[in-house]
Amino acid sequence: MTTTSPYVPAAMAIASSVRELADVFTWTFEVPGGFAFKPGQFNMLYVHGVGEVPISISGDPATPERLIHTIRAVGAVTRVMDKLGEGDVMGVRGPYGSAWPLDEAKHRNVIVIAGGLGLAPLRPAILGLLGHRADYGRITILYGARTPADILFRRELETWRGRFDLRVEAIVDQAGRDWFGPVGVVTRLLDGVPVTADDAAFVCGPEIMMRFAVRELDKRGVSRETIWISMERSMKCGIGLCGHCQLAGSFMCKDGPVYRFDRIAPYMQVPEL
Amino acid sequence: MDDLARVLVAHPFFAELEPAHVTFLVGCTKNVRFRAGDHLVREGDREDTLYLIRQGGVAIEMRRASGEVVCVETLGAGDVIGISLLADAPAHLDCRARESVVALAIDAACLLRKMTEEPSLGLPIAMRLLERTYERLSRARLQHLDIYR
Amino acid sequence: MTGIGESVVIDRDAFAALLQALVDDGRELLGPTVRDGAIVLDTLRGIDDLPRGIGDDQAPGHYRLRARGDHALFGYAASPHSWKRELLPPRVPLVQIRRRARDLGFEAAPSGARRVAFIGARACEIAAIGIQDRVLRDGVHSDPDYRTRRDQVFVLAVHCGSPAGTCFCVSMDTGPRARGGYDLAATELVEGGHRFVVEVGTIAGGAILESVTSRAPAVHDTAAALAVTDAAATQMGRTMQTQGLRDALMANLEHPRWQAVGDRCLGCANCTMSCPTCFCTSIEDTTDLSGDSATRTRRWDSCFTADFAYVHGGSARPSLRARYRQWLTHKLATWHDQFETSGCVGCGRCITWCPVGIDLTEEVAAIRTPPPEVHHG
């Protein structure tokens, strides 16, 4: 429907809902005209009568007829979403926010560091890199999760791992005897891969993880001007009018969620800013 | 310099130390191999050996009452096991070879004696053990935080 | 017709007629009136609803009305209300949602905007409206309700003659004379005959003035009008050093003063409610009993509330120290980065209406002063 109010969503029916992990599920909407977006962007998803939340788009920008969101049931609205499925109608507003700068990473090696659900907002960027493979140098994906059962998109990670033109490593915080991969913090994986000072890095995960990942990249000489992170703050309107998502002078819904690290670093270093 | 000395000097733990100082330790050192499943250290052991891993993965594990074994970290080439030798306390954890492991085993008593005799060797080694311990502590804290929640 | 930039003089009866002309033009009059011991902004029926002979005493955490002993209609300063009650009302429905079986229909809620005339808007308030225009109307995304309401406002400004103890518009360069943003701007003169020198700001302003008896200003009228605002400019209750203020605040984010003011602050949000530029809102969802009909409503919110900056796991600003810092640094520093102006107009409402009397001019002066060195004995 056409409307001039930026608060009015478009109605979209869930075409399929897939369980990924115990509390994580992926919705696919079919959008005949295509829902164009850039990797890293998010939509405001509305659940009838319950509320609206910002959710990163986790699909392939090259196939915009399928709009995909991967969601964790962690709050009032997302827990209701967890009970919905195929045929249920949502409100969708977007896409909003800044994008992973695939252009700026061209001709560089790219290191993608993802933690937990952080792999979801990075997935469109990874697909974008792989879709133009020749434009990039070495591509390395480092993924960390709490336990092997918490590895998101495991089958896809294993498929990517099978390619000769890509390096994929996964690590967990703890495991039983049935895990034969490494155990430890995700940045341990940097010890085992080549990292050069000119590399570009895309990092997404909980804020603590991103902070120490950047510290480890710093130690290896990667410039903060070629490290990008994706941040999260409370959002109500998604369009820079309600004030909730501010971090210092930045509206995260417009200037973020993807930030070049040197630009956001001074604000991340001040507790409770 | 014989083969063992060369290997000792080349291990990342001794990076940037005087080779002559490092070879002082040759008398305390053996090259050892573990098969997959062998334990380098068991919980309760009074660690009498410092292992410098050359090859292969080692799992640091704890055993629950139920018998379930939880791996809390994996270490590999370049890492050090047995740091608590200086604290003279029994090992808290099991260290088990996940595959074939090749390591330099340095006898703890011999090492401590040589470190005392030769302070220009002793102090840097002590500092490095401290550094490794701190890094291990840092990582353990991050893992403890359950940050992916 | 009196042209833009030109002035006329009208007497008290003509002022009453001016208000009537606005009503006849289909406008609701909104302006100051006395209620519950305060001067609030509400619907006016005519000149008699204005606070005749009333003045105000304002100080940190203190507001009292008093009798002036004259017949001035605008002899007071800022009201606890500001025009944002009309332009950005406390509750506005945004979207109506109708569910039929599993299908959802979305429609923009109709705007409650009406043709209004702001009577007695002050220079600082006009500056505040201009600031909110940049935030809510002129950005990449624009709020349709704000835009619609804004288009339907006639501004009858009044140049200030009676600043209060908490005023500092001179420091913020927003007053006491309004510089544009009005259809008509009046200076009230009480001495030598109750009259108003009225400047025309727009063609619409000139048109309304047509139906009212007026005369050309004599030299003494013009001089008297200027004297009113010149005098007001010397009677500011407070000052704020704005030179280099943005950088000074951002360089002192860990100054001990933040903890001191955080300890006093109650987080009551009075300052944000009374502030004419604060614009933070939230969106609430309600449904009818059947659940088929839902509404998304925009309501005022405040960065002082505990869950304003909620991230999963808790608040990003759990302490009042952090929330006060957020408010002040946004208002006086990061607002510049976002909108290229200050967020503060110097109206003093936040000082007057703070129950514990926190004075941001005093806080700013303290934060600009280097903290004492900590000596380790």
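Of the 273 residues in chain A, 51% are buried, a residue being counted as buried if 20 or more other C-beta atoms, placed from the backbone, lie within 10 Å of its own. The model is a predicted one, in which local features need pLDDT of at least 70 and side-chain atom pairs count only at pLDDT 80 or more, while totals for chains, interfaces and linings use all residues. Residues are numbered from 1 along each chain as its sequence is written, and chains are lettered from A in the order in which they are written.

Chain A has five helices and 14 strands, taken as DSSP runs (H or I over at least four residues for helices, E over at least two for strands) and numbered from the N terminus. Its radius of gyration, taken over C-alpha atoms, is 18 Å, close to the 19 Å that the globule rule gives for 273 residues, so chain A is as compact as a globular protein of that length; the rule is 2.2 Å times the number of residues to the power 0.38. Of the contacts in chain A with a separation of 6 or more, 71% join residues 24 or more positions apart, where contact requires C-beta atoms, placed from the backbone, to lie within 7 Å.

Chain B meets chain A through 15 of its residues, which are in contact with 19 residues of chain A. On the chain B side, β5 (69-75) and α4 each supply at least two residues, and β5(B) provides the largest share, six residues.

Within chain B, the axes of helix α3 (residues 108-117) and helix α4 (residues 119-144) come within 5 Å and cross at roughly 120°, the axes being lines fitted to C-alpha atoms over the stretch in contact and the angle running from 0 to 180 degrees between N-to-C directions.

In chain C, an automatic or database assignment gives domain 1 (7-89 + 110-233) and domain 2 (245-291 + 300-367), with 27 Å between their centres, taken over C-alpha atoms. Their contact takes 28 residues from domain 1 of chain C and 23 residues from domain 2 of chain C. On the domain 1 side, α3(C) gives the most, with nine residues.

Technical notes. Contact = placed C-beta atoms within 7 Å. Buried ≥ 20, exposed ≤ 12 C-beta atoms within 10 Å, placed from the backbone.
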